[in-house]
Amino acid sequence: MSTARQDPDRRRRLPPEERRRQLVAIGLQELASRPIHALSVDRVAEIAGISRGLLFRYFPTKQDFYVAVVGAASRRMLRAAIPAPDDPEPLRSVLHAFVSFVDRHTDNYQAFFHGGFGADPEIRTIHDTVKTTMVDRTAAAAGVTVDATTTMRMRAWWSMVESLAIDRTARPDEMTVDDVVDYAISVLHTAVLRTPGSRS
């Protein structure tokens with residue numbers, strides 16, 4: 001039995017927003033087993049039980065569909081990087097969620113934000129939103145009230161965290177997810193949040 005026939009929404013008329021959400025959800029499911037450049041809108045339409053032409057009524061171009069899927073994937077990652085209210089180590093939880101996400105989705109993460117797709121202005125906006133949100137969330141988890149200068153330093157620090165999270169996947173035996181998190185926390189406290197002129 002094909003995947004398309006198993007979909008309960010096949011041949012069922014859906015309101016536009018519900019159909020859009022369904023198509024994006026299928027795109028996310030497909031990304032679990034293939035890189036985004038191999039994501040087929042024909043297959044997505046087939047699974048949804050609609051025609052390719054109807055899919056393009058909801059997303060005018062293939063790139064529009066990709067942007068919607070990348071946005072949904074990013075929101076999913078951000079939801080995972082929210083520490084519980086009673087978390088004893090909220091900073092570690094925030095960072096671990098992000099680095100683990102990159103670990104599980106390295107190829108697509110790089111394709112989203114550091115490959116050809118990253119040249120798209122909307123994709124760049126999504127990437128910057130992720131960065132801004134994670135910097136704000138990190139500051140809150142660390143209990144830090146930041147000013148403009150500290151924010152700039154934290155954004156630079158976050159670029160380092162992202163780079164380490166990506167690079168370690170090529171040498172997983174040399175640096176683990178926890179190693180990245182430990183190092184990121186150390187640098188944050190000793191270099192980014194340290195008061196200028198302080199010896200500690």
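This is a predicted model: local features need pLDDT of at least 70, side-chain atom pairs count only at pLDDT 80 or more; totals for chains, interfaces and linings use all residues.

Reader: Why is Asp-103 called partly exposed?

Author: Asp-103 has 35% relative accessibility. Buried needs under 20% and exposed needs over 50%, so Asp-103 counts as partly exposed.

Reader: And what makes Arg-168 buried?

Author: Arg-168 has a relative accessible area of 7%. The cut-off for buried is under 20%, so Arg-168 is buried.

Reader: How do you know that Arg-168 forms a salt bridge with Asp-103?

Author: A salt bridge needs a side-chain nitrogen of Lys or Arg within 4 Å of a carboxyl oxygen of Asp or Glu. The closest N and O atoms of Arg-168 and Asp-103 are 2.5 Å apart, so the pair qualifies. The two residues link distant parts of the chain, 65 residues apart: Arg-168 is in the loop between helix H9 (148-167) and H10, and Asp-103 is in helix H6.

Reader: What makes Asp-128 and Arg-155 a salt bridge?

Author: Their closest N and O atoms are 2.6 Å apart, and the limit is within 4 Å. Asp-128 lies in helix H8 (residues 121-142) and Arg-155 in helix H9, so this pair ties together parts that are 27 residues apart in sequence. Asp-128, at 38% relative accessibility, counts as partly exposed, and so does Arg-155 at 23%.

Reader: Which residues do salt bridges that share partners join into one network?

Author: That network holds Glu-30, Arg-34 and Arg-43. A search of the whole structure finds eight salt bridges. Arg-92 and Asp-182 form one of them, with 2.7 Å from N to O. Arg-92 lies in helix H6 (residues 90-104) and Asp-182 in helix H10 (residues 177-192), so the pair ties together parts that are 90 residues apart in sequence.

Reader: How do you know that the span of H2 is close to what is expected?

Author: H2 has 16 residues and reaches 23 Å from its first C-alpha to its last. Among the buried residues of H2 are Leu-23, Val-24 and Ile-26.

Reader: What do the buried residues of H2 pack against?

Author: They pack against helix H3 (41-48), helix H4 (52-58), H5 and H7.

Methods
Residues are numbered from 1 along each chain as its sequence is written. Side-chain values use heavy atoms; hydrogens and water are left out. Helices (H or I, at least four residues) and strands (E, at least two) are DSSP runs, numbered from the N terminus. The expected span of a helix is 1.5 Å times one less than its number of residues. Buried means under 20% relative accessible area, exposed over 50%, partly exposed in between (1.4 Å probe, protein chains only). Contact means heavy atoms within 4.5 Å.
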